[in-house]
Structures are given as structure tokens and as C-alpha cells.
Amino acid sequence: MLAKRIIPCLDVKNGETVKGVNFVNFRSAGDPVELGKHYSDEGADELVYLDITASLEGRDTFVSLVKRVAQNLSIPFTVGGGINKIEDVGVMLNAGADKISINSSALRNPALISEIAGNFGNQVCVVAIDAKLEDDGKWHCYVKGGHERTNRELFEWAHEAQERGAGEILFTSMNHDGVKQGFACDTLRKMHEELSIPIIASGGCGTMEHFAEVFDYGMADAALAASVFHFNEISIKELKNYLSDRNINVRRI
């Protein structure tokens with residue numbers, strides 16, 4: 001069995017790491033390069049850097065930041081935000097990123113998934129899905145950093161992304177984001193049962209027990225979190241010891 005991955009996420013706005021609640025009310029969390037190096041040294045398995053306003057504001061992704069991150073890390077990292085065409089992917093990989101995360105651009109142009117997978121390999125393409133459970137009982141997908149609802153539903157879109165060549169699905173529950181009440185485990189378990197590619201859980205982590213729950217009951221392949229790491233509420237080393245003591249397979253430090 002593959003080891004479960006712990007992935008700190010660094011949302012970057014104007015060159016600074018920030019963290020919000022339900023995709024709004026952001027506060028500063030520090031320098032993205034220094035934080036990334038700290039997490040790498042502490043034992044994180046991967047990192048995700050998201051330029052959270054790139055697709056909303058129409059800006060290009062932060063190439064210079066990616067280069068600085070690559071120079072300071074010894075673990076893989078994924079970059080997302082404002083990646084709209086195959087040329088953007090090449091730029092990010094050449095700057096040092098290991099994987100590319102696409103969200104708004106994939107929903108606008110699903111063929112981009114196949115293009116990335118065909119040119120760079122499935123393992124490079126992470127399809128991020130920001131979705132909200134609404135009053136009609138369905139999970140609706142959102143774009144532009146959670147600002148615009150689409151007509152796509154979570155499960156049918158996840159299936160299409162897999163069929164088009166996505167290597168992983170990064171699912172963020174907008175309902176759970178930043179509130180620290182636990183991941184959307186029922187939904188993650190259903191995704192795990194329906195899909196054959198790895199699923200990264202995002203949104204809602206507040207305790208080490210939440211990580212154990214999402215790996216055990218939610219059956220996620222990786223768990224992504226931000227504020228609990230950024231504000232020193234959970235240590236990655238202590239978290240991995242905690243998970244290992246509960247017979248959850250993680251890469252030990």
C-alpha cells in the first residue's frame with residue numbers, strides 16, 4: 001500500500017501566503033519560500049502553491065516565485081493558478097514545478113487535461129475541483145477562486161477529468177474550507193469508490209484526528225491543509241507519529 005501523503009497548501013496572493021475562511025476573509029501567513037522550506041525540512045511529502053487570484057484577475061502565474069521555491073525545496077511541489085494553455089505548463093515545469101494544478105481553465109476547456117497528459121504525462125496533471133454542497137443536495141463546481149458557480153456537478157466532472165487523463169483529483173469542499181470541523185469524508189469516500197486515480201482531500205482540517213478520519217473512513221490518498229500548519233496548530237512530525245501509531249501508513253521522518 002502506498003504511503004498516505006501530508007501536503008501543506010500555500011495560497012499565495014500578491015507574493016504573500018494567505019489563509020481565508022470559505023474562500024474569503026484572508027489573513028497573512030508568511031513568506032511562501034520560507035514556509036515551503038520549513039515544511040520540506042519538517043517532513044511534508046509534497047507542497048501545493050496556488051496563486052489564488054490569478055484566474056480571477058487574469059494574471060499570469062508567478063514564475064519567479066516558482067523558481068525560488070524550487071531552489072529551496074527537496075520535495076515535489078505542485079503549482080496552480082492562471083494556467084490556461086499548454087505553453088503555461090511548460091513554463092511552470094521549466095521553472096522547477098513537478099506538477100500542475102488546473103481548475104477554472106479545465107472547466108472552460110476540458111481538452112486541456114488531455115493535452116497536458118499527452119505532452120507531459122498523466123502524473124503532471126492535477127485537476128483541482130472546488131465544489132459546494134447546495135440546497136438542492138448537489139455538489140456544484142465553482143471557478144475563479146470560488147467566485148463563480150458553474151453548471152457542472154462534482155462527480156460527473158471528476159469522472160470526465162479522469163477519463164481525459166488527469167493523474168490526480170484535488171477536491172476542496174468550499175463548505176468545509178477553513179472552518180476546522182473535519183473533511184467532507186462521506187463525499188471523499190464516494191469519490192474513492194467511483195474513481196481509480198488518487199484523491200487529495202482539502203478543506204476542513206482542524207485536528208490530527210481529522211487526518212486519521214480522512215485516511216481511514218474517507219479513504220483519501222493524500223490530505224492537504226493550510227492554517228493548521230501555517231499557524232503552528234499541528235506539527236507535521238507529531239502528525240506523522242500520531243498517524244503511524246494508528247497503523248496509517250505514512251512516510252516517517
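The following questions and answers go through a predicted model, one region at a time.

Reader: What kind of model is this, and how are its residues numbered?
Author: The model is predicted, so local features need pLDDT of at least 70 and side-chain atom pairs count only at pLDDT 80 or more, while totals for chains, interfaces and linings use all residues. Side-chain values use heavy atoms, with hydrogens and water left out, and residues are numbered from 1 along each chain as its sequence is written.

Reader: Which residues of helix H11 are buried?
Author: Helices (H or I, at least four residues) and strands (E, at least two) are DSSP runs, numbered from the N terminus. Buried means under 20% relative accessible area, exposed over 50%, and partly exposed in between (1.4 Å probe, protein chains only). In H11, residues 236-245, the buried ones are Ile236, Leu239, Lys240, Tyr242 and Leu243.

Reader: Why do the buried residues of H11 line one face of the helix?
Author: An α-helix has 3.6 residues a turn, so residues three or four places apart point the same way. The arc used here is that of the directions from the helix axis to the C-beta atoms. Glu238 and Asp245, on the other side of H11, are exposed. Seen down the axis of H11, the buried residues line one face because they fall within an arc of 160°.

Reader: At the start of H11, which backbone nitrogen does a side-chain oxygen of Ser235 reach?
Author: A polar contact is a pair of N or O atoms within 3.5 Å; within protein, one must be able to donate a hydrogen and the other to accept it, and residues adjacent in sequence count only if both atoms are side-chain atoms. The oxygen of Ser235 comes to within 3.3 Å of the backbone nitrogen of Lys237.

Reader: What is the phi of Asn232, in the loop between H10 and H11?
Author: Most residues other than glycine have a negative phi. Asn232 counts as exposed because its relative accessibility is 66%. Although Asn232 is not a glycine, its phi is positive, at about 60°.

Reader: Is Ser202 buried or exposed?
Author: Ser202 is placed in strand E11, residues 199-202. Its side chain makes a polar contact with the side chain of Thr172, at 2.9 Å. Leaving aside neighbours within four places in sequence, Ser202 is in contact with residues including Phe183 and Leu224. Its relative accessibility is 8%, so Ser202 counts as buried.

Reader: With which side chain does the side chain of Glu148 make a polar contact?
Author: Glu148 is found in strand E9, residues 148-153. At 36% relative accessibility, Glu148 counts as partly exposed. Leaving aside neighbours within four places in sequence, it is in contact with Cys141, Tyr142 and Val143. The polar contact, at 3.5 Å, is with the side chain of Lys144.

Reader: Which elements cover the buried residues of helix H4?
Author: In H4, residues 86-95, the buried residues are Ile86, Asp88, Val89, Gly90, Met92 and Ala95. What covers them includes helix H3 (63-72), strand E5 (77-80), strand E6 (99-102) and helix H6 (111-120).

Technical notes: Contact = heavy atoms within 4.5 Å.
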